[in-house]
Amino acid sequence: MAGLEELKKKLVPLFDAEKGFSSGSTMDPSDSYMLSDGGTVNLLSRSYGVYNINELGLQKCTSRVTNDVDERERTYRCASHEMRIFGAIGSGASSVVQRAIHIPTHRIIALKKINIFEKEKRQQLLTEIRTLCEAPCYQGLVEFYGAFYTPDSGQISIALEYMDGGSLADVIKRQRCIPEAVLSLMVQKLLQGLSYLHGVRYLVHRDIKPANLLVNLKGEPKITDFGISAGLENSMAMCATFVGTVTYMSPERIRNESYSYPADIWSLGLALFECGTGEFPYTANEGPVNLMLQILEDPSPSPPKHIFSPEFCSFIEACLQKDADARPTAEQLLSHPFITKYENAKVDLAAFVRSIFDPTQRMKDLADMLAVHYYLLFDGSDELWQSAKSFYNESSTFSFSGKESTGPDDIFKTLSNIRSTLAGEWPSEKLVHVVEKLQCRAHGEDGVAIRVSGSFIVGNQFLICGDGIQAEDNSLLWTLEISLADTPLPNKSFTSSNKKGGELNYFC
């Protein structure tokens with residue numbers, strides 16, 4: 001007991017009941033920011049150059065000559081006025097995440113908003129942007145589309161891939177545990193991303209946990225939240241800071257020792273244990289100090305061998321070695337029997353993810369967003385209206401008053417004429433649509449059909465009234481795909497008896 005009390009005294013200074021865990025000194029001495037009169041934020045890093053961010057997007061300017069394609073200067077066009085916000089997805093200690101549509105591409109994205117005037121959040125922002133810029137599109141990592149600054153709020157928004165299946169934490173809340181075969185294929189993808197972070201980008205994530213492992217309805221798992229990742233100069237370098245979620249923290253980090261990539265392997269092992277068994281292996285409700293003592297003093301947890309396969313148990317045991325040097329690398333784990341065992345198994349990850357979530361509600365959410373988005377384009381500025389053309393592809397058809405238009409150019413011309421007619425010659429004559437009924441159903445293998453009906457009135461902007469959006473035939477819901485970035489938007493049709501009353505039917 002005396003030994004435990006002594007250890008507890010050593011751990012207590014690391015934790016402040018009022019402030020939480022000390023983040024240590026992770027700030028590059030010359031990491032800072034400047035705000036120009038023109039509304040551009042310059043995030044400065046002595047090690048990684050300058051990131052210029054304004055309302056139109058982000059430009060990365062490197063501070064050193066390099067032949068590495070991923071480290072060269074690059075520009076991300078992602079403007080604040082091109083975003084249509086549809087409410088919050090979630091929030092954390094340093095950010096709020098909102099769902100949005102990028103108007104020019106009609107892509108549904110996640111916007112992560114961070115205040116630049118708080119020093120700690122600014123450092124996390126710089127770290128996350130640097131990591132995402134260096135790995136903008138790699139398997140197993142959430143895709144990065146760009147960032148922009150909003151002067152009125154003092155926030156920088158990071159545009160990320162929208163993972164419509166939520167996190168693995170969400171999955172196990174609904175289904176308690178994930179079958180081994182499904183987990184094996186998911187972890188394989190995550191290991192590929194982690195191997196890239198460790199072996200190519202020399203980054204330690206430092207916050208691997210189920211909540212930061214996301215999945216989409218295609219069944220693709222990806223790592224997110226790089227705000228506290230640490231860059232190392234080479235594969236042998238070590239970190240010496242105390243940040244991250246203590247629940248999944250490795251023994252060497254709890255002891256405040258130098259650590260490196262094996263710390264992420266420990267965290268992945270604990271996350272996998274929890275997802276596979278449905279239980280976190282330590283008692284986490286008696287305070288962080290007691291949790292840390294368990295991790296340091298108790299034997300490493302192992303799944304029940306009479307319930308789980310030898311391959312799964314072996315994988316967990318390899319990740320949860322107390323000795324960091326004894327843990328395999330992410331690259332080595334890709335050849336572990338638990339990963340190779342199911343490589344040829346016909347496991348449908350997309351079907352698994354979709355079986356957990358209500359596809360009808362997902363379809364209704366999507367249809368609601370697209371209907372509002374389409375009408376705001378129709379009633380909006382001429383500049384934004386130009387984006388409506390990309391709703392259509394060459395096989396799209398559009399019917400109005402008995403005349404059929406085909407292809408994006410022809411349809412856009414017809415719609416523009418209708419739009420001009422409804423606008424009238426004076427603002428007081430503008431006709432807008434009153435949506436009285438909104439219906440949706442699955443369309444083909446990868447779309448959603450939306451039917452809007454109502455009447456026209458004189459006004460400034462469309463109105464939606466009634467009981468909200470209603471789902472029709474559910475027989476094809478399991479084939480619903482809501483990634484607009486990958487799906488050309490097919491047939492749309494509009495029919496109207498006259499300017500005073502009509503019905504709008506379109507398929508997205």
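**Group meeting: a walk through one predicted model**

Okay, let's start in a loop: S387 sits in the one between α13 (382-385) and β17 (397-400). One thing before I go on: this is a predicted model.

So, is S387 buried or exposed? Its relative accessible area is 12%, and buried means under 20%, so S387 counts as buried. Who does it touch? Setting aside residues up to four places away in sequence, S387 is in contact with I103, P104 and H106.

Next stop, K112. You'll find this residue in strand β10, which covers residues 107-115. UniProt lists K112 under "binding site", and that comes from an unreviewed entry. K112 has a relative accessibility of 9%, so this lysine is buried too. Which residues is K112 in contact with, leaving aside its neighbours within four places in sequence? There's S95, V96 and V97, then E128, then I156, S157, I158 and L160, and finally D225.

Now for some helices. The crossing of α6 past α8 is left-handed. And which residues meet there? From α6 we have I265, W266, G269, L272, F273 and G276, and from α8 we have F312, F315, I316 and C319. Sort the residues of that contact by type and you get 8 nonpolar, 2 polar and no charged.

Keep this in mind while you look at those numbers: an α-helix has 3.6 residues a turn, so residues three or four places apart point the same way.

One more helix, α11, residues 349-356. How many of its 8 residues are buried? The count is 6, so α11 is mostly covered. The buried ones are L349, A350, F352, V353, R354 and I356.

Let's zoom out to finish. The protein chain has 14 helices and 24 strands. Of its 508 residues, 54% count as buried. Take the contacts between residues at least 6 apart in sequence: 63% of them join residues at least 24 apart.

Key: Residues numbered from 1 in each chain as written. Predicted model: local features only at pLDDT ≥ 70, side-chain atom pairs only at ≥ 80, totals over all residues. Heavy atoms only, no water. Left-handed = near helix turned anticlockwise from the far one by under 90°. Helix = DSSP H or I, 4+ residues; strand = E, 2+ residues; numbered from the N terminus. Contact = heavy atoms within 4.5 Å. Nonpolar A, V, L, I, M, F, W, Y, C, P; charged D, E, K, R; others polar. UniProt positions renumbered as here; feature names shortened; annotations may be inferred. Buried < 20%, exposed > 50% of the residue type's maximum accessible area, 1.4 Å probe, protein only.
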